[in-house]
Amino acid sequence: MSTESRPGTVASLPYDIPYGTARSSADGAAHTVGFELSYPHPLESVWAAVATPAGLRGWLAAADPFEPGPGGAVTLRWLNRGPAGSLDEGGPVSAEGFAAPGRITAWSRRRLAEYTVDGRGSFGFTLRGSLDDDCTRVRFRNDFTGDTEWVLDVLAGWHQHFELLAEELRGHPTDWSTWTPDRFTALRAEYSTSRR
């Protein structure tokens with residue numbers, strides 16, 4: 001048996017980010033979260049945001065090392081911090097944030113970037129659009145294992161990051177020193193209500 005969240009759009013959002021979906025295995029140990037997104041930006045801009053260290057830092061995490069291509073090493077450091085400067089991610093923390101080492105597990109220039117990192121499972125971005133198009137569609141998927149309650153955190157976390165991606169694409173990268181958990185908390189409550 002699997003569970004799936006209700007598709008739709010979170011009405012209170014500043015961006016038209018649709019709800020993500022979630023499926024869980026019958027035993028509740030394996031999960032898949034997915035998003036279907038559309039950004040009014042050219043393919044090359046979206047690719048740079050999801051598949052380069054500079055782009056990733058503006059909305060998701062610092063990436064160092066970052067070796068593009070299948071099998072390349074990557075370590076992502078989440079920079080969002082909770083109250084009193086503590087990281088909301090748990091796990092090993094350096095001055096630069098929660099570190100998740102891993103590998104680039106799939107790569108096709110301008111089309112597909114997939115990462116598999118400790119504590120996050122595998123997640124990837126499949127891009128659709130042409131170089132002369134002003135709109136890029138993004139199919140996102142995150143496969144991971146863990147407690148069923150963590151699914152709400154993953155949905156809310158990715159949703160917030162996709163809002164930050166919209167800002168990055170508008171030329172406004174995230175100032176991580178001002179990040180608070182308020183938006184995450186509101187999104188988690190929205191997802192909790194939508195999954196009932």
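The structure holds one cavity of 30 Å³ or more, a cavity being a set of points on a 1 Å grid over the protein atoms alone where a 1.4 Å probe fits but cannot get out. Its volume is the space filled by probe spheres set on the points, with grid points joined across faces, edges and corners. The model is a predicted one, in which local features need pLDDT of at least 70 and side-chain atom pairs count only at pLDDT 80 or more, while totals for chains, interfaces and linings use all residues. Residues are numbered from 1 along each chain as its sequence is written, and side-chain values use heavy atoms, with hydrogens and water left out.

The volume of the largest cavity is about 30 Å³. Its lining consists of R120, N142, F144, W150, V154 and W158, where lining residues have an atom within 4 Å of a point. Four of these residues are nonpolar, one is polar and one is charged; Ala, Val, Leu, Ile, Met, Phe, Trp, Tyr, Cys and Pro count as nonpolar, Asp, Glu, Lys and Arg as charged, and the others, Gly among them, as polar. Strand β9 (136–145) and helix α3 each supply at least two lining residues, and the largest share, three residues, comes from α3. Helices (H or I, at least four residues) and strands (E, at least two) are DSSP runs, numbered from the N terminus.

Helix α3 itself deserves a look. Of its 20 residues, 17 are buried, so the helix is largely enclosed by the rest of the structure; buried means under 20% relative accessible area, exposed over 50%, and partly exposed in between (1.4 Å probe, protein chains only). H161 lies in this helix, which covers residues 150–169, and counts as buried because its relative accessibility is 7%. Beyond residues up to four places away in sequence, H161 touches W59, L60, W78, N80 and W176, contact meaning heavy atoms within 4.5 Å. Just after α3, G171 takes a positive phi of about 90 degrees.

With 30% relative accessibility, T116 counts as partly exposed. Leaving aside neighbours within four places in sequence, T116 is in contact with P101, G102, R103, T105, G121 and S122. T116 and D143 are 27 residues apart in sequence, and their C-alpha atoms are 9.2 Å apart in space.

Finally, a word on confidence. The mean pLDDT (the predictor's confidence in each residue, from 0 to 100) is 86, and 83% of residues reach 70 or more. Over residues 1–13 the pLDDT is below 50.

Note on methods: On a 1 Å grid over the protein atoms alone, a cavity is a set of points where a 1.4 Å probe fits but cannot get out, and a pocket is an open set with protein on both sides within 12 Å along at least five of seven lines; lining residues have an atom within 4 Å of a point.
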